[in-house]
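Hi there,

Here is the structure I promised to pass along. Please open it next to this email as you read.

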Amino acid sequence: MIVKRLFTTSVGRKTIVAITGILLILFIIAHMLGNWNMFLGPDAMNSYAQALHDLGGLLWVARIGLLVVFVLHVFFTIQLNIENKMARPVPYYKKEYIKASLSSRTMVLSGLVVFSFVVYHLLHYTFGVIQPETYKGNLTDSMGRPDVYSMVIFSFRNPLISLSYIIAMLLLAMHLDHAFQSAFQTLGFANKRNFPKLIQFSRAFAIFVFLGYSVIPLSVLLGIIN
């Protein structure tokens, strides 16, 4: 009964969006921390990548689980957005519209762009469809491990790839700016007293994620990582 209410009521679907959003935020943090191994050198990055690869079937279970979470988040976000527009065929007055932040007004658009980037990112770094000549499966380090470190450097030396990556991270940060506070608000963790601080923390977290991811391509382009 509870599962049915989650999928058939507006409150239930908002709860699914909030929970899947928090799970995706946790993945974003973990992925960023893993990427920072680039600053520790080839051995640290390739050891990290090899450790993930050695998980074997568990890694694919995690990937499929993450994909399911991602699809549920995108699907119900779009569905709720459509329902909101159908419930209010007359647009808000201009005064009310101004109150909404840019990040909140562009949640669906920024989410779809980030979704498209994730597909591109997987084709590039996971499946080697883009730049196959520098794919980790075709590069090995001195210990015979897939050379993920070199693959990342070769990729980000291309200014277009670095620029597209940074723009995608900017849109991700805009999405997180509203998504973070919205998720905790939906789950009942926000009230009049702590909401202003939650907004500030959400903004700070979004900036942190943007800088945390963008610092890698910028470091490669500037020759800090080579």
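Predicted model: local features only at pLDDT ≥ 70, side-chain atom pairs only at ≥ 80, totals over all residues.

**Helices H2 and H4**

I began with helix H2, residues 10-35, and helix H4, residues 57-87, whose axes are 9 Å apart and which pack at an angle of about 140 degrees. An angle over 145 degrees would count as roughly antiparallel. H2 is therefore oblique to H4. Their crossing is left-handed.

Sorted by class, the contact of H2 with H4 has 11 nonpolar residues, six polar ones and three charged ones.

Next comes helix H10, residues 195-221, which packs against helix H8, residues 148-156. The angle here is about 75 degrees, and the axes are 9 Å apart. Angles of 65 to 115 degrees count as roughly perpendicular, so H8 and H10 are roughly perpendicular to each other. On the H8 side you will find Val-152, Ile-153 and Phe-156, and these meet Ile-216, Pro-217, Val-220 and Leu-221 in H10. What classes do the residues of this contact divide into? There are seven nonpolar residues in the contact of H8 with H10, with no polar and no charged ones.

H10 also crosses H9: the two axes come within 8 Å, at roughly 165 degrees. That makes H9 roughly antiparallel to H10, given that angles over 145 degrees fall in that class. This crossing is right-handed. The contact of H9 with H10 divides into 22 nonpolar, six polar and two charged residues.

**Aromatic rings**

How many aromatic pairs does a search of the whole structure find? The count is 11. Let me point you to the pair formed by Phe-117 and Tyr-165, with ring centres 5.7 Å apart and planes at 75 degrees to each other. The pair is edge-to-face, because planes over 60 degrees apart count that way. Phe-117 belongs to helix H7, residues 107-126, while Tyr-165 belongs to helix H9, residues 159-186, so the pair ties together parts that are 48 residues apart in sequence. Both Phe-117 and Tyr-165 are buried.

Phe-117 and Tyr-165 also belong to one aromatic cluster, together with Tyr-120, Tyr-125 and Phe-156.

**Two single residues**

Ser-110 is found in helix H7. Is Ser-110 buried or exposed? Its relative accessibility is 3%, so Ser-110 counts as buried, the cut-off being under 20%. Setting aside neighbours within four places in sequence, Ser-110 is in contact with Leu-171 and His-175.

Arg-5, by contrast, is exposed, with a relative accessible area of 52%. Arg-5 lies in helix H1, residues 2-8. As for spacing, the C-alpha atoms of Arg-5 and Tyr-213 are separated by 37 Å, and the two residues are 208 apart along the chain.

Happy to go through any of this with you at the screen.

Best wishes

Definitions and conventions. Residues numbered from 1 in each chain as written. Heavy atoms only, no water. Axes fitted to C-alpha atoms, helices over the stretch in contact; angles between N-to-C directions. Helix = DSSP H or I, 4+ residues; strand = E, 2+ residues; numbered from the N terminus. Parallel < 35°, antiparallel > 145°, perpendicular 65-115°, else oblique. Left-handed = near helix turned anticlockwise from the far one by under 90°. Nonpolar A, V, L, I, M, F, W, Y, C, P; charged D, E, K, R; others polar. Phe/Tyr/Trp six-rings, centres within 6.5 Å; stacked < 30°, edge-to-face > 60°. Buried < 20%, exposed > 50% of the residue type's maximum accessible area, 1.4 Å probe, protein only. Contact = heavy atoms within 4.5 Å.
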